[in-house]
Amino acid sequence: MPEKKPPTRTALSDGLKKLGLTRDIDLALHLPLRYEDETALGSIAASHDGDTLQFEGQVTDAEVVFRPRRQLVVIVDDGTETCRLRFFNFYPSHHKTLAIGARVRIRGEIKRGFFGNEMVHPAFKAAGGELPSALTPVYPTVAGLSQPMLRKAVWAGLAREAAAGGLSDTIPVPISSKYPALSRYSLHSSLSFLHQPAAGVQLATLEDRSHPAWERLKAEELLAHQLSQLQARIEREQFQAPALGAGPDLLKRLHAALPFKLTGAQNRVVREISADLKSHQPMHRLLQGDVGSGKTVVAALAAAQCIDAGYQCALMAPTEILAEQHFRKLIGWLAPLGVQVAWLTGSQGKAERRKMLALVESGQAQLVVGTHAVVQSSVVFKRLALAIIDEQHRFGVRQRLALREKLDQPSAQPHLLMMSATPIPRTLAMSVLADLDVSTIDELPPGRTPILTKVLSDQKRLDVIERIQAQIAQGRQAYWVCPLIEESEALDLTNTTATHAELTEALPGVIVGLLHSRMPPAEKKAVMSLFEGGQMGLLVSTTVIEVGVDVPNASLMVIEHAERFGLSQLHQLRGRVGRGAAASACVLLYGTPEGGRLGELARERLKVMAQTNDGFLIAQRDLELRGPGEFLGARQSGAALLRFADIAQDAPLLKWARDASAELLSAYPELAQQHLARWIGSKANLLAA
Ligand code: ADP
Ligand code: MG
């Protein structure tokens with residue numbers, strides 16, 4: 001085939017830039033999506049329908065036909081059988097290479113049918129060339145950058161990086177040998193192999209990344225992530241935070257004023273947090289506990305310790321409803337003890353905001369509660385010492401960084417307490433969150449009755465409505481949750497509004513409320529207070545009630561189109577009931593489109609919900625089914641930065657990397673830095689957040 005015009009430099013460099021391949025090491029780490037096997041010739045007779053076949057033969061016919069559309073049809077005979085080739089786009093080079101009588105090498109997917117053998121748009125060239133000894137890689141690319149161009153650039157980048165010493169081993173043998181598979185390849189040899197695997201390798205082991213060359217690469221990557229977190233921890237330990245020692249007596253008075261006795265688990269985590277706060281080293285702790293396990297009071301006690309020592313505490317929650325619940329609860333506990341609490345959200349009026357900002361800046365407000373508004377640049381603290389973030393995985397990395405920067409001395413950081421009701425599976429806690437101390441509330445307050453969960457088809461809707469009626473007749477309350485339709489907020493709204501209308505009509509005499517994210521805050525507030533006051537029997541809402549709503553008298557939760565939710569999200573929603581003494585139930589309604597049946601996987605998932613109330617178990621299943629996004633939220637999270645390894649699948653490698661990072665950093669600090677620079681480079685601060 002005659003060479004086409006050589007590509008312009010800009011096509012190449014533009015394409016590489018779009019792919020983010022600027023350094024040689026980036027090129028070396030740009031791995032194939034899949035491979036094509038051009039190392040062997042087959043025969044038409046021995047091939048099967050659908051095979052990718054490469055063969056050589058003689059062109060016995062070639063003509064342009066016009067039915068059903070203009071196309072070049074070529075017949076090639078390899079001595080065993082003939083095969084018809086069809087080209088709908090063709091150029092003079094086709095006619096030249098595929099001339100009658102020419103011997104050619106053909107490669108494509110063969111269809112073996114009743115009307116003979118056929119290939120559409122196969123690759124072709126003159127026969128007799130040398131066969132490559134390696135598989136041909138196919139790389140992820142962008143429009144305008146052809147595979148051969150990219151392949152050449154990648155291989156050249158790999159060679160340059162190797163020649164410059166950039167692929168030298170940073171994992172010494174005493175460390176790599178602790179995971180036997182790692183000794184089969186070095187970084188350099190694994191990359192050389194994956195860019196050009198020798199003929200005969202099992203393609204499946206490359207596709208599922210179980211080949212030892214892949215293992216080596218994944219180990220290198222995981223090690224880099226572990227190192228960066230270890231390093232972040234060591235760096236943080238150089239910072240100072242105010243040591244929040246014993247103050248006059250606020251903490252004691254709060255303990256005495258609480259309307260209940262703390263559970264054993266709450267007492268334990270309070271001690272863990274309190275010890276951290278007394279230290280000059282900034283706390284970096286995750287408090288996890290299932291929905292309803294009582295994290296808020298733990299946060300209040302931490303805040304009290306901070307305020308007692310003469311400092312300010314900030315508490316940030318992801319939604320206004322949740323922030324307000326905290327605000328009210330904390331005011332209820334702390335205001336009688338003389339603590340000044342300020343309130344900051346995006347929706348408050350200018351004058352009120354100005355007043356609040358002044359309270360924060362002067363230090364009069366000892367506790368500041370709010371949404372994202374708390375970290376805006378206009379907020380200046382006088383003496384911030386403790387930041388508490390509820391539902392931390394719903395915040396982006398950048399907001400967490402912004403909170404840390406709220407202290408004016410560059411050498412200081414506030415203590416950080418992150419709370420989450422979505423328990424972090426162990427593998428995840430070990431990997432992307434390795435830089436975190438974890439406290440777990442693994443016990444619910446006494447007197448809770450377990451929630452009974454039922455999975456029902458939407459066809460049972462009327463029965464469910466009857467059940468709501470019965471609950472309300474007994475003086476109880478219920479929630480009805482409609483799913484968020486991600487593609488269309490407007491559609492979402494109509495849907496929720498229609499359901500609200502349907503239920504209002506079906507339940508005469510019951511006050512049915514409506515709550516969704518587009519409502520003005522004042523209206524939301526009014527609806528919530530009617531529900532909290534008990535006048536409203538049923539609350540129809542989108543997932544805005546997911547977190548933090550606490551109405552103990554609500555004992556029935558209906559979730560419509562439950563199959564569209566993540567398991568952890570369902571668990572969170574379900575946690576809105578079962579907060580009082582009455583037996584509570586959760587009904588998961590699933591939709592059956594076009595009268596069909598719910599898919600196998602979807603049913604399996606919902607079954608998990610019916611079988612267990614254990615948030616950890618559910619979280620683990622969710623991680624397996626949906627990946628780490630659910631837990632880490634932001635796209636910029638550490639897990640998303642893993643390109644090769646998969647924390648759920650590569651748990652044994654992860655364990656190795658965890659031990660290896662500590663050993664490398666202490667025994668081979670220079671290699672550790674080299675390894676980090678190679679793998680992480682500029683992404684380090686995102687990983688550390
Ligand atoms: P979550 O961990 O989901 O944030 P909350 O802090 O909202 O849970 O607590 C759930 C409910 O349990 C609240 O009404 C809270 O006042 C109550 N609670 C918390 N701790 C205890 C306890 N030790 N004994 C009884 N009730 C408690
Ligand atoms: Mg909470």
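**Pairings and burial in a predicted model**

Mentor: In strand S15, the residue Met 418 has Leu 286 standing opposite it. This is a predicted model, in which local features need pLDDT of at least 70 and side-chain atom pairs count only at pLDDT 80 or more, while totals for chains, interfaces and linings use all residues. Residues are numbered from 1 along each chain as its sequence is written, chains are lettered from A and ligands numbered from 1 in the order in which they are written, and side-chain values use heavy atoms, with hydrogens and water left out.

Trainee: Which other strand is joined to S15, and by how many bridges?

Mentor: Strand S14 (residues 384–389) is parallel to S15 and joined to it by four bridges. Within this pairing, Leu 386 has His 415 as its bridge partner.

Trainee: Why is S15 described as largely enclosed?

Mentor: Six of the six residues of S15 (residues 415–420) are buried, so the rest of the structure largely encloses this strand. Buried means under 20% relative accessible area, exposed over 50%, and partly exposed in between (1.4 Å probe, protein chains only). In a regular strand the side chains alternate between the two faces of the sheet. Here His 415, Leu 417 and Met 419 are buried on one side, and Leu 416, Met 418 and Ser 420 on the other.

Trainee: Why is the contact between Glu 81 and Arg 112 called a salt bridge?

Mentor: The term requires a side-chain nitrogen of Lys or Arg within 4 Å of a carboxyl oxygen of Asp or Glu. The N to O distance for Glu 81 and Arg 112 is 3.4 Å, so the pair qualifies. Glu 81 lies in the loop between strands S3 (71–77) and S4 (82–87) and Arg 112 in strand S6 (residues 111–113), so the bridge ties together parts 31 residues apart in sequence.

Trainee: Are Glu 81 and Arg 461 buried or partly exposed?

Mentor: Glu 81, at 28%, is partly exposed. Arg 461, at 13% relative accessibility, is buried. Arg 461 forms a salt bridge with Asp 458, with the closest N and O atoms 2.9 Å apart.

Trainee: What makes the ring pair of Tyr 479 and Phe 531 tilted?

Mentor: Rings of Phe, Tyr and Trp (its six-membered ring) pair if their centres lie within 6.5 Å; planes under 30 degrees apart count as stacked, over 60 as edge-to-face and the rest as tilted. These two centres are 5.0 Å apart and the planes meet at 55°, so the pair is tilted. Both Tyr 479 and Phe 531 have 0% relative accessibility and count as buried.

Trainee: Why is the pair of Phe 644 and Trp 679 classed as edge-to-face?

Mentor: The ring centres of Phe 644 and Trp 679 are 6.1 Å apart and the planes stand at 85°, so the pair is edge-to-face.

Key: Helix = DSSP H or I, 4+ residues; strand = E, 2+ residues; numbered from the N terminus. Pairing = 2+ DSSP bridges.
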